[in-house]
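I opened this entry to record what I looked up, beginning with the sheet and ending with a single residue.

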Amino acid sequence: MHAQLDHLVIAAASLAEGVAWCEATLGVTPAPGGSHPLMGTHNRLLNIASDAFPATYAEIIAIEPGKQPSRPKTHRWFDLDDAALQAGLAQHGPKLIHFVARVPDAHAATRALAHEEHAHIDRGQLLEASRDTPAGRLEWQITVRDDGQRLFYGALPTLIQWGPVHPTDAMPKSGLAMRSLRAVHPRAPTLVAALSAIGMTGMDVSAGPPNLIAVLDTPRGPVTLESQGL
């Protein structure tokens, strides 16, 4: 089992607000993304690949106005329907809230979490999704719980398995590069065990109040993004 960072998830109350935040904070304009009819969301994307984090991007995501998830009785992914998260975004603006890890076998990774000795984690159903792009059709399988929860305040990744095309294959360079990702959590040993179960052993985890911290190299120098328990 081997998992690696696929993309950061930056949530915004609206996509326009997310774009403005990106330009003000990172100094670049995000590339076009698309809509997710499965979840009633839409996004903009940024290539942040680096030698340490190949084929990695950042996703700025928001609820698409007037849209609902196409699956009945399903909450949107990444806790986007959570009232506390929505209030935090409204009060403080867009924020890093989560990350997604790609795995070669999402079914096996999901089972590994479910049977992990100390955790027994339900990462959610494995859903199939797709989106047409100018570079070809994107197809992926992704874990989503019916309640939409991220788990561990966003520090335990959602799992994704891509088809033959990855978004970064045709994503323009943004001038950004991923430098580091680490997590702080009050149940650090349990989080470490869960990450180990999916083969994500290189991520630094320490004990303390919940926080997910990503450092990006930008045209303005290093920028640190934090979830701060949201």
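For the sheet I count two strands as paired if DSSP finds at least two bridges between them. The model I examined is predicted.

Entry 1, the sheet. I looked up the strand order and found an open sheet of eight strands, E2-E3-E4-E1-E5-E8-E7-E6, with mixed pairing. Strand E2 (31–36) and strand E6 (125–133) stand at the edges; each has a single partner strand, so one side of each is left without a neighbour in the sheet. I noted that the twist averages 30° from one strand to the next.

In which sense do E7 and E8 pair? Strand E7 (residues 136–144) and strand E8 (residues 158–162) are antiparallel, with three bridges. I found Gln161 in E8 as the bridge partner of Gln141.

I asked what helix H3 (residues 106–114) lies across.

I located Thr143 in strand E7. Is Thr143 buried or exposed? Its relative accessibility is 2%, and buried means under 20%, so Thr143 counts as buried. Leaving aside neighbours within four places in sequence, I listed the contacts of Thr143 as Thr110, Arg123, Gln125, Leu126, Thr158 and Leu159. A polar atom of the Thr143 side chain lies 2.9 Å from the backbone nitrogen of Leu159. I also looked up Ala197: Thr143 and Ala197 are 54 residues apart in sequence and 16 Å apart in space, C-alpha to C-alpha.

Methods
Residues are numbered from 1 along each chain as its sequence is written. This is a predicted model: local features need pLDDT of at least 70, side-chain atom pairs count only at pLDDT 80 or more; totals for chains, interfaces and linings use all residues. Side-chain values use heavy atoms; hydrogens and water are left out. Helices (H or I, at least four residues) and strands (E, at least two) are DSSP runs, numbered from the N terminus. Axes are lines fitted to C-alpha atoms, for helices over the stretch in contact, and angles run from 0 to 180 degrees between N-to-C directions. Contact means heavy atoms within 4.5 Å. Buried means under 20% relative accessible area, exposed over 50%, partly exposed in between (1.4 Å probe, protein chains only). A polar contact is a pair of N or O atoms within 3.5 Å; within protein, one must be able to donate a hydrogen and the other to accept it, and residues adjacent in sequence count only if both atoms are side-chain atoms.
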